[in-house]
Each structure stands twice: as C-alpha cells, then as structure tokens.
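Visitor: I have a fold open on my screen and a few minutes to go through it. Can you walk me through it?
Guide: Gladly. Let's start as soon as it is up.

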Amino acid sequence: VILDHSRKPQNFFKMADADRFADGANPLCGDQITVYLKMNGDRIQETSFLGNGCAISKASASMMTAALKGKTRTEAEELFQNFHKMVTGTADSSVKPESLGKLAAFSGVSDYPVRVKCASLAWHTFRAALEHPGEKVTTE
C-alpha cells in the first residue's frame, strides 16, 4: 500500500483555488511538502499536496489527502490524533487500527523513530494549513 501510494500518489497537484496552505520540511530526510485545503464552512471540501521526499513521506501525504476529504475539523483532528498515536507508538486501547483504514499500513513506523517524522510531516503540515494558513512547519 505504501509503495503504491508513493509511486502513484493521489491528490498530487497544486490546488489553484485553495483557501489555505502550509509548507512543511523534514530536514533529516530531505522531505518537503505543501498541503492545500479548500474549506466549505467547517468541512474539508478538497485537499491536495505537492512536494518530494521519501516513499513513506509521499505515501503518507497521499493517503492523508484521501482520508481527509469530506471530514469536519473535529473529525480531521481525531484522525490526526489517532494516526499520530499509532506512528509514535503511544496508541492505547482506544485507538483501533481498523478505524484508520488503509492508514493502518503505517503502524510499523513506530519501530523506526527516524521514520516517524517522515510519516507525520504531511499531517503536521495539514494542521498548520487548517489552523495557521501560510505557516512553515518543520520536524526539527
């Protein structure tokens, strides 16, 4: 799943009519990403990304954009929290991998601390676009 999304990422384009965006960088791995959002009130109508980086970073961004479409801010925040807990290895019994759908493919990332930043970069950049449009995010 991760390799498929890395080779053929979904929503990989600059959204011309985005009303929010943020840039993110992971200096350790060299990943760079821009996340674009188009909101409809409290709901994420559309999301896309551009950038380059390792397979985990690109696949995470691809799968994130697909998972966030149509979600409210509250639903998106809950998804972010559950994904972050899973990849950092801090998930408790309340986080069910099946509730994350295909994102559960990243569950093994917690065994490789350096890769946690790769998997979570797009998500932190998404939160910045949502809460502080135009902000630059770094994993440092």
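**Cysteines, core and pairs**

Guide: A search of the whole structure finds zero disulfides. Keep in mind that this is a predicted model.

Visitor: How far is the sulfur of Cys 54 from the closest cysteine sulfur?
Guide: The distance is 3.7 Å, and the partner is Cys 118. That is too far for a bond, because a disulfide needs the sulfur atoms within 2.5 Å.

Visitor: Is Cys 118 buried or exposed?
Guide: Cys 118 is buried, at 1% relative accessibility. Cys 54 is buried too, with a relative accessible area of 17%.

Visitor: What is Leu 103 in contact with, leaving aside its neighbours within four places in sequence?
Guide: Met 63, Met 64, Ala 67, Leu 79, Phe 83, Met 86 and Trp 123.

Visitor: Phe 83 keeps coming up. Which residues of H3 are buried?
Guide: Ala 76, Leu 79, Phe 80, Asn 82, Phe 83, Met 86 and Val 87. What covers the buried residues of H3 includes E3, H2 and H4.

Visitor: What span does H3 reach from its first C-alpha to its last?
Guide: H3 reaches 22 Å with its 16 residues. That is close to the 22 Å expected at 1.5 Å a residue.

Visitor: What happens just after H3?
Guide: Gly 89 takes a positive phi there, about 75 degrees.

Visitor: Which residue other than glycine has a positive phi?
Guide: Asn 11 is one, with phi near 55 degrees. Asn 11 is found in the loop between H1 and E1. At 15% relative accessibility, Asn 11 counts as buried.

Visitor: Now rings. How many aromatic pairs does the structure hold?
Guide: Three. In one of them, the rings of Phe 12 and Phe 49 have their centres 5.1 Å apart. Their planes are at 65 degrees, so the pair is edge-to-face.

Visitor: Where do Phe 12 and Phe 49 sit in the chain?
Guide: Phe 12 is in the loop between H1 and E1, and Phe 49 is in strand E3. They are 37 residues apart. Phe 12 is partly exposed at 32% relative accessibility, whereas Phe 49 is buried at 2%.

Visitor: What about Phe 83 and Trp 123, stacked or edge-to-face?
Guide: Stacked, at 4.6 Å centre to centre and 20 degrees between the planes. Phe 83 lies in helix H3 and Trp 123 in helix H4, so the pair ties together parts that are 40 residues apart in sequence. Both residues are buried.

Visitor: Which residues form one aromatic cluster?
Guide: Phe 83, Phe 106 and Trp 123.

Visitor: On to charges. How many salt bridges does a search of the whole structure find?
Guide: Six. One of them joins Asp 17 and Lys 38, with the closest N and O atoms 2.8 Å apart. Asp 17 lies in the loop between helix H1 (2–7) and strand E1 (20–26) and Lys 38 in strand E2, so the pair ties together parts that are 21 residues apart in sequence.

Visitor: How accessible are Asp 17 and Lys 38?
Guide: Asp 17 is partly exposed at 44% relative accessibility. Lys 38 is partly exposed at 23%.

Visitor: Which side chain does Glu 46 meet in a salt bridge?
Guide: That of Lys 69, at 3.2 Å, N to O. Glu 46 is in strand E3, and Lys 69 is in the loop between H2 and H3, 23 residues apart.

Visitor: And what does Arg 127 pair with?
Guide: Glu 77, in a salt bridge at 3.1 Å, N to O. Arg 127 is in helix H4 and Glu 77 in helix H3, 50 residues apart.

Visitor: Last one. Which residues are linked in a network of salt bridges?
Guide: Asp 42, Arg 73 and Glu 131.

Note on methods:
Residues numbered from 1 in each chain as written. Predicted model: local features only at pLDDT ≥ 70, side-chain atom pairs only at ≥ 80, totals over all residues. Heavy atoms only, no water. Contact = heavy atoms within 4.5 Å. Helix = DSSP H or I, 4+ residues; strand = E, 2+ residues; numbered from the N terminus. Expected span 1.5 Å × (residues − 1). Buried < 20%, exposed > 50% of the residue type's maximum accessible area, 1.4 Å probe, protein only. Salt bridge = Lys/Arg side-chain N within 4 Å of Asp/Glu carboxyl O. Phe/Tyr/Trp six-rings, centres within 6.5 Å; stacked < 30°, edge-to-face > 60°.
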